[in-house]
Amino acid sequence: MIKKLTALTLAVFMVVVLAACGTNGAGGNAGATNAAGNTGGANSGSSEKMVIKYWYAFGDKIEKAKLHMVDEFNKSQDRIEVVAEFQGNYNDLHAKVQAAFAAGNAPAVTDLEIASTGVFARSGMLEELTTYAERDAEQLQLDDFNPGLMGNAYVDEKLYGLPFMRSTPILYKNVTMLKDAGLDPEGPKSWDELEEYSRVLKEKGKIGMTMPADIWYYEALVAQSGGQMLSEDGKTAAFNSPEGVAPVEFWKRMASEGLIKIPVGDEAGATADKDWSNQMSAFKFGSTAGVNGSLEIAKGNNFELVTAFMPANKDYGVPTGGCQLVMTSKGSTEQKEAAWEFLKWMTSKENTIYQHKNTGYLPTRMSALETEELQTHFKEFPQYKVAVDQLEYARPRPMESAYPEVANFIKEAIEKAILDPNTSPQDALNAAAEKANKQLGK
Amino acid sequence: MTLWHKLRPYGMVAPAIIIFSLFFIYPIFYMMYLSLFDWNFVSPTKTYVGLQNFADLLADEDFRKVLSNTTIYTVLTVTLTTGLALLLALWLNRKSFFHGFVQGAIFSPHIISLVSISLLWSWLMDPEYGLLNWVIGLAGFEKLQWLSHPGTSLVSLVMVAVWKGLGYNALVFIAGLQSIPADIYEAASLDRSKPWTTFSKLILPMLSPTIFFLVIINMIGSFQVFETIAIMTQGGPVNSTSTLVYYIYEYGFRFFKIGYASASGVILLVIVGILTIIYFKLLSNRVHYR
């Protein structure tokens, strides 16, 4: 009897656990099943249909927007069937594309985070798009893309990607909190103002901002200080200059006085979001990709959200971010032509408007900004417009092959400088620069 | 002997040998080969650099930190898991509904996927909103930073590993305890042996094959820890939780330096190999086999 009961307990545990895993699995597999279903349908429907794979990153609203556009593309014509497959975040996606390419099984089209364009293009994984773009110049209107977004599309003067879901970091403000604290909801426009605001908020038992020591935000603050991450030729580190040290000193001072909070570790970004959503902090830095989601949070928690430029030091400045669409180089000519059709579709004026309104990513085309549709949209939700205006101060991200590794050194140095009272920002960044130079010089 | 008779045994083992060679032997040699190159896995040009990757690795202070992290993690995890499991097994080795229930409960983490466990514990250990800090706060102690501080992050990961491994280890120990013949206990109690003497002179020696087995299994498992780190800390903060396998992954698949990653892989292979040999040589002399 007792043995039976023990077995029963175990069985109950197993059922609970398996049920939990089952739910997870269903979420992850939904895309795959769907994709398989599509393939099957395509094969039975018309045998001449070209089927190509498209790999993408991120779930939720971003995924929904991407899948919607893919679906529309498949419906719009009967020659090409695009099968979209979810691959996790950018790091997961890149690793999988690389492995699939080595195995000769790469998707025809994939999202690619902009800073990785260099390493992918230089190792021959990407199809150069220059001739395609020249051939279809009339239809593509390459000049129509916002010039501020084209910096990462070219590697060594050759076109490799088309701007797709592109972003800049922006400042999200809880204006209700600012008004309650008697602060001008127009600010903060500079680092000094951010500090003043944070002091007032601290007296009210809140904090100014929770933010992860993220490389992207660091790039922004270096730009605001008038500095560069790397030297002009990309062979040496430039972030240990006074302009590169200033952001870390600013963060360290603010954090040690309890004006801002800098959580570290893998959950840091999530913590920052939670603090802001729960109205513990008035500000957060975030990608413009989150405008749609953040508006919902603000509405749900009854506060007013306003977005703004990231505060200036010497001047405003931000890196761009997000992904572009690229074509891999190993497919057949027919596959590449199909992929090119798909690329043009996904980056069209109509679709850039669609993805912008459904996520918050930038409208990539100038002509899209002039449309009636976006003008009304901006009037109704000015939060969406900030990132577009901020593009004036935007710059591309470094694309050196060693940059992902260098970014890791920098992140480590920043965390060390902030956590360890005995390490000065200058020393930490000097050590990182020394390590970086070894890799960049190769 | 016909030809068939001579060939038959080879035919029988062929499937195993083929799978073994294809998925174990070939990758090992391919990794050794790759460790001599500077390559990114896809580019058409592979540059031969000899032992440069190994020289770079040994000169790299991050790599030394990674080795020390891995060692500390392994030592803590193995001693805590094995030690606590033995204590639990001694307590649970009796028949009652309650003991059976506890045994089932502590075994349950073993069958949950590590990814779920990592997500669960990330939430429990959240410095602001986590359950652990809430309890600590209620008890009036200062909150811990858990995964978010270099001082506590590695130990936090050890905690998760111990929690996950405890049930399985205890189960194996209980099986070991139950296979000790009852008449030996009877003889011991007739001789009025004290509990400690029974434990140290009887149970421990009779249990030594089990202990040996668990230590080896746990050690090899801890040396290869990856999932919890990839999900919970990604090696941070300040490199405090970067371990060998995570380091290999990072260099191979995030920084696209497959030669450098392979060189670290060779070092992992050598370390695990040496440890296994030492264990077999030293411990096997002391292990009591019936």
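Analyst: Domain bounds come from an automatic or database domain assignment, and chain A is divided in this way into domain 1 (48-167 + 321-380) and domain 2 (173-319 + 402-440). The model is a predicted one, in which local features need pLDDT of at least 70 and side-chain atom pairs count only at pLDDT 80 or more, whereas totals for chains, interfaces and linings use all residues. Residues are numbered from 1 along each chain as its sequence is written, while chains are lettered from A and ligands numbered from 1 in the order in which they are written.

On confidence, pLDDT is the predictor's confidence in each residue, on a scale from 0 to 100, and chain A averages 84, with 89% of the residues scoring at least 70. Two stretches call for care: pLDDT stays under 50 over residues 1-5 of chain A, and also over residues 12-46 of chain A.

For the elements, helices (H or I, at least four residues) and strands (E, at least two) are DSSP runs numbered from the N terminus, and chain A has 19 helices and 14 strands.

Two strands pair if DSSP finds at least two bridges between them, and with mixed pairing five strands of chain A form an open sheet in the order β2-β1-β3-β13-β6. At its edges stand β2 (80-86) and β6 of chain A, each of which pairs on one side only. With direction ignored, neighbouring strands of this sheet are turned against each other by 25° on average; angles rest on axes, which are lines fitted to C-alpha atoms (for helices over the stretch in contact), and run from 0 to 180 degrees between N-to-C directions.

Within this sheet, β3(A) runs antiparallel to β13(A), to which five bridges join it, and there T110(A) has V326(A) as its bridge partner. Strand β1 (residues 50-56) of chain A runs parallel to β3(A) and is joined to it by two bridges, with Y54(A) standing opposite V109(A).

A residue is buried if 20 or more other C-beta atoms lie within 10 Å of its own, exposed if 12 or fewer, and partly exposed in between, with C-beta atoms placed from the backbone. Of the 442 residues of chain A, 49% count as buried. In β3(A), which spans residues 109-113, five of the five residues are buried, so the strand is largely enclosed by the rest of the structure.

Two residues are in contact if their C-beta atoms, placed from the backbone, lie within 7 Å. Helix α2(A) packs on the sheet, touching β1, β2 and β6 of chain A, and its direction makes about 165° with that of β2(A). Helix α13 (residues 333-346) of chain A also packs on the sheet, where it touches β1, β2, β3, β6 and β13 of chain A, and its direction makes about 55° with that of β1(A).

The C-alpha centres of domain 1 and domain 2 of chain A lie 29 Å apart, and the contact takes twelve residues from domain 1 of chain A and ten residues from domain 2 of chain A. On the domain 1 side, the elements that give two or more residues are α2 (60-76), β6 (161-167), β13 (321-327) and α14 (349-359) of chain A. By class, this side has five nonpolar, six polar and one charged residues, where Ala, Val, Leu, Ile, Met, Phe, Trp, Tyr, Cys and Pro count as nonpolar, Asp, Glu, Lys and Arg as charged, and the others, Gly among them, as polar.

Chain A has another open sheet of five strands, in the order β9-β8-β10-β7-β11, again with mixed pairing. There β9 (260-261) and β11 (305-308) of chain A stand at the edges with a single partner strand each, so one side of each is left without a neighbour in the sheet.
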